[in-house]
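Subject: Structure handover and findings

Hello,

My notes on what was found follow below.

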Amino acid sequence: MNAPLAGQTALVTGATQGIGRAIAVALAQAGARVWVNHLDRQPAADALLAEIAASGGEARAVQADVADAAQVAAMFAHILQAGDLDILVNNAGVILEKPFVDTDEADWAHVLGVDLHGVYRCCRHALRHMQVRQCGCIVNIASELGHLGRADYAAYCTAKAGVIGLTKSLAREFAPHIRINGVAPGPVDTPMVSAEHMSADMIARESDIPAGRLGRPEEIAAAVLFLVSPGASFFHGQMLGANGGAWMGG
């Protein structure tokens, strides 16, 4: 069995569905012990733990709202009481489709609170630990919309652009011993790309990219797995564009 992450412990936020779930499974298959973060999704977390255990992996669940500073602090205290943390994947996120002039303070605070401030909080706690040990990997999940922008998605695009900037800044500050990179997915077939979160017109536009289809969560997980693997040892501050050609910038 190929287990490049054997002996390492990882935390994946927002890990019970979509991209986060696929990342948790991929890391466990690679030999990592995985902490599965969720918010009020215990049945889904239990199902994921059972799936990972059935394939010979090891995982535990931890509930916390990444938008809540106290809950994030408690989550990291719980994890670090049990051992070290080698890998952090900041995946938890929300999306909002709404005209900018109708986006009120509460909308703005909610999206940035999860998508950007949550990444800040988790990075800060993880880096305090990793800095002492002088090792570790962080992967932040951004979006191609952080590069492109999109009408009616100002809060989401702003948050994801912030994640890109934060990733690059932290990569410079904590190199060479701690590697910090990101993945900016294009449209992916997850619950976020659904009528619950997006208009029919936006859903139709999602697959209008060179690849001609939505991505699969497992394809994003593969990019994350590469970035935390020994083969990516020379990657610092990079934002991998697993996006089907939606964004072809540098």
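At what angle do α4 and helix α5 (residues 117-133) pack, and how far apart are their axes? Before the answer, please keep in mind that this is a predicted model. The angle between α4 and α5 is about 30°, and the axes are 3 Å apart. An angle under 35 degrees counts as roughly parallel, so α4 is roughly parallel to α5. On the α4 side the contact is made by L112, G113, V114 and D115, and on the α5 side by H117, G118, V119 and R121. By class, the residues of this contact are three nonpolar, three polar and two charged.

Helix α4 (residues 105-115) also packs against helix α7 (residues 154-174). Here the axes come within 9 Å and cross at roughly 25°. These two helices are therefore roughly parallel to each other as well. The crossing of α4 past α7 is right-handed. From α4, the residues involved are W108, V111, L112 and D115, and they meet A154, A155, Y156, T158, A159, K160 and V163 of α7. This contact has eight nonpolar residues, one polar residue and two charged residues.

F174 is found in helix α7. With a relative accessible area of 12%, F174 falls under the 20% limit and is therefore buried. Leaving aside residues up to four places away in sequence, F174 touches L127, Q131 and I180. As for distance across the model, F174 and D40 are 134 residues apart in sequence, and their C-alpha atoms are 33 Å apart in space.

P176 sits in the loop between α7 and β6 (178-183). The peptide bond from A175 to P176 is cis, with omega near 5°. Most residues other than glycine have a negative phi, and most peptide bonds are trans.

- Q134 is not a glycine, yet it has a positive phi of about 60°. Q134 lies in the loop between α5 and β5 (136-141). The relative accessible area of Q134 is 39%, so this residue is partly exposed.
- D152 is also a residue other than glycine with a positive phi, in this case near 75°. D152 is placed in the loop between α6 (145-148) and α7. At 31% relative accessibility, D152 counts as partly exposed.

Now the charged pairs. How many salt bridges does a search of the whole structure find? The search finds six. Some of them are described here.

- R21 and E51: their side chains meet in a salt bridge at 2.8 Å, N to O. This pair links distant parts of the chain, with R21 in helix α1 (residues 18-29) and E51 in helix α2 (residues 42-54), 30 residues apart. R21 has a relative accessibility of 24% and so counts as partly exposed. E51 is also partly exposed, at 36%.
- D107 and K98: the side chains form a salt bridge at 2.7 Å, N to O. K98, with a relative accessible area of 26%, is partly exposed.
- R213 and E219: in this salt bridge the closest N and O atoms are 2.8 Å apart. R213 counts as partly exposed at 36% relative accessibility. E219 is partly exposed too, with a relative accessible area of 28%.
- D84, D86 and R133: these residues are linked in a network of salt bridges.

If you want a place to start when you open the file, go to α4. Display α4 with α5, whose axes are 3 Å apart, and then bring in α7, which α4 passes in a right-handed crossing. After that, look at the A175 to P176 peptide bond, which is cis, and then at Q134 and its positive phi.

Best regards

How values were computed: Residues numbered from 1 in each chain as written. Predicted model: local features only at pLDDT ≥ 70, side-chain atom pairs only at ≥ 80, totals over all residues. Heavy atoms only, no water. Salt bridge = Lys/Arg side-chain N within 4 Å of Asp/Glu carboxyl O. Helix = DSSP H or I, 4+ residues; strand = E, 2+ residues; numbered from the N terminus. Buried < 20%, exposed > 50% of the residue type's maximum accessible area, 1.4 Å probe, protein only. Axes fitted to C-alpha atoms, helices over the stretch in contact; angles between N-to-C directions. Parallel < 35°, antiparallel > 145°, perpendicular 65-115°, else oblique. Left-handed = near helix turned anticlockwise from the far one by under 90°. Contact = heavy atoms within 4.5 Å. Nonpolar A, V, L, I, M, F, W, Y, C, P; charged D, E, K, R; others polar.
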